[in-house]
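Colleague: I have the structure open on my screen and would like to talk a few things through with you. Could you start wherever you like?

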Amino acid sequence: PCAPRRYGYDSVVCVCNATYCDSAAELPEDLLQQGYYVHYVSSRDGDRLNVTTKPLAPSGNSFPHLPNTELVQFSVNVSERYQNVTGFGGAITDAAGINIASLSPGAQNQLLRQYFGDEGIGYTLIRIPMAGTDFSTRYYTYDDVANDESLSHFNLTEEDLVSFLNVQLPYLKYIKQLSNPRVVTVPWSPPEWMIEGRNGTEGFTRLKDIYYQVYAEYFVNFLNAYQKEGINFWGLTLQNEPGNGYYVYFGINSCGYSPEEQRNFIANNLGPTLQKNNFGNIVIMAGDDQRTFLPESAQVVLDNPAASKFVSGTAVHWYFDDQYPASRLTKLHDLFPDKFILYTEASFIPDSGSPAVLFGDWGRAERLSKDILDVLNHWVTGWIDWNLALNTIGGPTYLNNNLDSPIIVNSTANEFYKQPIFYSLAHLSKFVPPGSKRIQLNSTAESGVDNVAFLRPDNIVAVVLLNRYSLFIQVASRRP
């Protein structure tokens, strides 16, 4: 069970260290095959994947109704099927690696197993940056020697390799041994000498036209360097938030691309160059930005046959989702039903004057759950959260861009804290594996209970329900 600790917010964190951490129980599939259902609950009161197993009520029986509860009946229609699930996961940034490395070896092992071990929450996707991000301790790329058009000075850095930081590759190698998740990569900026405009960390920028092909070869050098270390990539995007530096600038190292520039780079340079260098099997995703300009921005890329043949889907970030309806995702799907939609970054940005990390805040867990269920019901195939682990102030970040994280590390105490948002993700990542298919779920009333249902590859039905109100909702299940 969770080892709870309160920090003055409305719920608890679960405390873990080198010798103890709560775990997510495995599905007792033998019981499920005999007409039982398994119910996992996390709550503001402190439940964390608390599990009960009960028999399915016989077909046609009425449910017993408890006093002071609302009874809402949901019906699953497995014959009405929608998108396949790609998976769920998080990102190994420089900051995440630094924080994990600050723990003892035993605690490091515990933390990584919470995401990727058998007792963990089943992450099947990892996103890693191609060089530095705002969650690094410095600005860098892999070739910072000016005008090096031959890329002769290209090299991985201490942040990638086995060093005092132990950041990306060592943890990736260990994680691949645990569960072999799919790995996605993306750059935050090309080398500064490839950019026109202001300094790559200070304002509006774009990739110089003369360096389009050199930059495509930069991607190949990176993929080759990681392949030599035993890491193969499943997917990539050409730029983290290409609108940051084109439409608006958020103060983060970036490179701006218009939709037309994305289209041209993919069609003429990145796609053909990957194919030529035996990386044509890597999934390319367009976008990797907010849904603010969807579906129009993705349409520029996907309507072009030369670009579209290299692109398998669109990557989306969660920020500003509350300002732009999820119906934009459905419009994108309807235009390009053969291209998937995957969320690739999400993290809570603190209000001005507020701390980034809210220890045990349940409101964030509810909001995250609601929004994930919402986008899954609008054709999204999975969700990649941002930093796997941050410190107690939400860093380090050389731009003071502190954020919250599902796991917070306290290196002084050699312990880490699993936030309520960790369990928001767990209710999907643990029980909805890749290859699951979203199915129809109907209810008898407008209950205010957010919901989604999936048929798993093992033919088990997984239903996720979110009750955001103070009224108790009774849950029961029966055979059709």
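Modeller: Let me start with one pair of residues, keeping in mind that this is a predicted model: A453 is found opposite V463, which belongs to strand 22.

Colleague: And how do strand 21 and strand 22 pair, parallel or antiparallel, and over how many bridges?

Modeller: Strand 21, which covers residues 449–455, pairs with strand 22 in the antiparallel sense, and the pairing runs over 7 bridges.

Colleague: What is the order of the strands in that open sheet?

Modeller: The open sheet is made of 4 strands in the order 6-20-21-22, with antiparallel pairing. Strand 6 (74–84) and strand 22 (461–467) are at the edges and have a single partner strand each, so one side of each has no neighbour in the sheet. On average, neighbouring strands of this sheet are turned by 30 degrees against each other, if direction is ignored.

Colleague: Changing topic to the cysteines, how many disulfides does the count come to?

Modeller: The count comes to 2 disulfides, taking a pair of cysteine sulfur atoms within 2.5 Å as the criterion. One of them joins C2 to C14, with an S to S distance of 2.1 Å, and another joins C16 to C21, where the S to S distance is 2.0 Å. If the bonded cysteines are numbered in sequence order, the pairing reads 1-2, 3-4.

Colleague: Which parts does the pair of C2 and C14 tie together?

Modeller: C2 sits in the segment before strand 1 (4–6), whereas C14 is in strand 2 (residues 12–16), so this pair links parts that are 12 residues apart in sequence.

Colleague: Left-handed or right-handed, what is the disulfide of C2 and C14, and what about the one of C16 and C21?

Modeller: For C2 and C14 the torsion about the S-S bond is about -110 degrees, so that disulfide is left-handed. For C16 and C21 the torsion is about 55 degrees, so that disulfide is right-handed.

Colleague: Are these cysteines buried or exposed?

Modeller: C2 is buried with a relative accessible area of 18%, which counts as buried because the cut-off is under 20%. C14 is buried as well, at 0%, and both C16 and C21 are buried too. Another cysteine, C255, is likewise buried, with a relative accessible area of 0%.

Notes:
Residues numbered from 1 in each chain as written. Predicted model: local features only at pLDDT ≥ 70, side-chain atom pairs only at ≥ 80, totals over all residues. Heavy atoms only, no water. Pairing = 2+ DSSP bridges. Helix = DSSP H or I, 4+ residues; strand = E, 2+ residues; numbered from the N terminus. Axes fitted to C-alpha atoms, helices over the stretch in contact; angles between N-to-C directions. Buried < 20%, exposed > 50% of the residue type's maximum accessible area, 1.4 Å probe, protein only.
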